[in-house]
Amino acid sequence: GCNAQTATEIYTMGGSNAAGTGTIVAQTDVEEYNVGSAVQSAHKSDLETAVTYIFNHGYNTTYAYVMGGTTLSALKTEIQQYEMGTGSAVNSPANLEFGVWGNAGGTNSTYCYSYTGSGTTGASRTNYIQTYEMEVDTTASQTGDTDPARYGMGGSSQSTTTIVGYGGDAA
């Protein structure tokens, strides 16, 4: 699943759970963990659509975003928005221009980014960099390309000006 954080909380959204069965099941859970706590994370809300294989980190001081993902049978374009720290229902105010899963990404106070990912429910590779202006509720647009195209990103890190994706399948 993807995650977001404040100075005191970390949020995880979506993801998968094989529950010891070996069968992957996409999840709707939005969980909150208090940094430094020995207490287990708390369930806060549910995504509108259960998705997995999403590794983007889209958030600002108010909202956390899930960008795309897969239900394992369908590729999703929805951008799902959760108001951090609340039990409020998750909504889908906008879409990605291209649905992807296995995508990484980053954020700043205005935009969140989804880059690369698979463009089919199988394992295809894309080179999309899609940009969403948070709280504006318009479709994310492709604003650049990566070289090489890949999916299944290992994750991402960022500074104030640069987002770095690593890992993934580029073969």
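What share of the contacts in the protein chain with a separation of 6 or more comes from residues 24 or more positions apart? The figure is 45%, where contact means heavy atoms within 4.5 Å.

Before you start clicking: this is a predicted model, in which local features need pLDDT of at least 70 and side-chain atom pairs count only at pLDDT 80 or more, while totals for chains, interfaces and linings use all residues. Numbering runs from 1 along each chain as its sequence is written, and side-chain values use heavy atoms, with hydrogens and water left out.

**The whole chain**

You'll see zero helices and 16 strands; both are DSSP runs numbered from the N terminus, helices being H or I with at least four residues and strands E with at least two. Of the 171 residues, 40% count as buried, meaning under 20% relative accessible area, with exposed being over 50% and partly exposed in between (1.4 Å probe, protein chains only).

**An open sheet**

Next, color five strands in the order β6-β11-β12-β13-β14: they form an open sheet with mixed pairing. Two strands pair here if DSSP finds at least two bridges between them. The edges are β6 (54–55) and β14 (141–150), each pairing on one side only. Zoom in on β6: two bridges join it to β11 (residues 103–107), and the two strands run parallel. Select phenylalanine 55 and look across to β11, where alanine 104 stands opposite.

**Glutamine 130**

Stay with the sheet and move to β13 (residues 126–133), where you'll find glutamine 130. Buried or exposed? Glutamine 130 counts as buried, because its relative accessibility is 0%. Show its side chain and follow it to the backbone nitrogen of phenylalanine 98, which it reaches at 2.9 Å.

**Asparagine 95**

Now pick asparagine 95 in strand β10 (residues 91–95). This residue is partly exposed, at 31% relative accessible area. Its side chain makes a polar contact of 3.4 Å with that of threonine 77. Not counting residues up to four places away in sequence, asparagine 95 touches Thr77, Glu78, Ile79, Thr139 and Ala140.

**Salt bridges**

How many salt bridges does a search of the whole structure find? Two, counting a side-chain nitrogen of Lys or Arg within 4 Å of a carboxyl oxygen of Asp or Glu.

- Select lysine 44 and glutamate 32, whose side chains meet at 3.9 Å, N to O. Lysine 44 lies in β5 (residues 42–51) and glutamate 32 in β4 (residues 25–34), so the pair ties together parts twelve residues apart in sequence. Lysine 44 is partly exposed at 24%, whereas glutamate 32 is buried at 13%.
- Then select glutamate 78 and lysine 76, whose side chains meet at 3.9 Å, N to O. Glutamate 78 is partly exposed at 23%, and lysine 76 is buried at 18%.

Terms used. A polar contact is a pair of N or O atoms within 3.5 Å; within protein, one must be able to donate a hydrogen and the other to accept it, and residues adjacent in sequence count only if both atoms are side-chain atoms.
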